[in-house]
Amino acid sequence: MSFGIHHLPSALVQFQQQHPDVRLDITLTDKKVDLLEDGVDVALRIGQLSSSSLIAKKLTPVKLVVCASPEYLADRGEPKTPEDLIHHNYLHFSYSDLGAAFGRFGEHFSALKIPSDLACNNGDMLVEAAIAGRGIVVQPTFLVSKALRSGQLKAILTEYTPEPFGLYAVYVHRKFLASKVRCFVDALSQYYGKTPYWDAIDD
């Protein structure tokens with residue numbers, strides 16, 4: 001949902017300018033929908049996708065960053081290794097298993113029991129909580145890049161950066177794919193590209 005709010009509108013405007021006869025009906029949700037049951041042409045999903053009967057095209061990489069506010073780090077100290085996280089507060093994205101993001105540092109760290117006093121199913125709220133000094137957050141750069149550039153958040157554990165996820169367009173396998181779906185997926189792929197604009201700014 002957060003990606004849709006922050007980074008989808010401009011892509012949709014550009015697409016409809018190029019294809020004015022296409023009508024868009026957008027639903028924003030973090031829950032995984034059943035494309036066939038709900039009559040959905042295309043779903044955008046972020047993560048590491050499991051195998052399925054659906055077709056998935058990777059549109060762009062989604063980098064993850066471990067970060068916290070300078071005030072929080074000044075008060076609690078900056079962790080230097082993932083093991084140090086057991087002495088900190090983790091702002092937990094509730095659609096992922098507790099510690100799942102940290103498990104991406106490697107199997108050795110997946111069993112860490114990291115304290116957490118706040119869980120939420122929305123990344124924007126967790127980012128705002130991190131800016132307010134409530135703890136450490138693992139969120140994609142499309143949500144935290146502005147706060148990192150402004151100094152509201154500081155990237156930490158940069159030597160242990162989690163492997164990127166991907167933004168995927170997912171659609172039902174059909175022998176003849178509707179031209180509107182193909183055009184839409186191709187347009188999004190071109191719009192975000194191999195280095196999305198929210199990361200290109202930092203590079």
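Contact here means heavy atoms within 4.5 Å. The structure is a predicted model. By the contact criterion, G123, D124, V127 and I131 of helix α7 meet L143, V144 and A147 of helix α8. Helix α7 covers residues 123-131, and helix α8 covers residues 141-150. Their axes come within 10 Å and cross at roughly 25 degrees. Angles under 35 degrees count as roughly parallel, so α7 is roughly parallel to α8. The crossing of these two helices, α7 and α8, is right-handed.

On the α2 side, the contact is made by S10, A11, L12, Q14 and F15. On the α9 side, K180, C183, F184, A187, L188, Y191 and Y192 take part. Helix α2 passes α9 in a right-handed crossing.

D186, in helix α9, pairs with K57, in strand β2. The strand spans residues 54-62. The closest N and O atoms of K57 and D186 are 3.2 Å apart. The salt-bridge cut-off is 4 Å between a side-chain nitrogen of Lys or Arg and a carboxyl oxygen of Asp or Glu. The two residues, K57 and D186, lie 129 residues apart, and the pair links distant parts of the chain. By this rule, the count comes to four salt bridges.

The surface carries a nonpolar patch. M1, I5, I26 and L28 form this patch. Together, these four residues have about 340 Å² of accessible area. One of them, I5, is placed in helix α1, which runs over residues 2-7.

Technical notes. Residues are numbered from 1 along each chain as its sequence is written. This is a predicted model: local features need pLDDT of at least 70, side-chain atom pairs count only at pLDDT 80 or more; totals for chains, interfaces and linings use all residues. Side-chain values use heavy atoms; hydrogens and water are left out. Patches are made of residues with over 30% relative accessible area and no salt bridge: like charges are joined within 9 Å, nonpolar side chains (Val, Leu, Ile, Met, Phe, Trp, Tyr) within 5 Å. Accessible areas come from the Shrake-Rupley method with a 1.4 Å probe; for residues, only the protein chains shown count as cover. Helices (H or I, at least four residues) and strands (E, at least two) are DSSP runs, numbered from the N terminus. A crossing is left-handed if the near helix is turned anticlockwise from the far one by less than a right angle, and right-handed if clockwise. Axes are lines fitted to C-alpha atoms, for helices over the stretch in contact, and angles run from 0 to 180 degrees between N-to-C directions. Angles under 35 degrees count as roughly parallel, over 145 as roughly antiparallel, 65 to 115 as roughly perpendicular and the rest as oblique.
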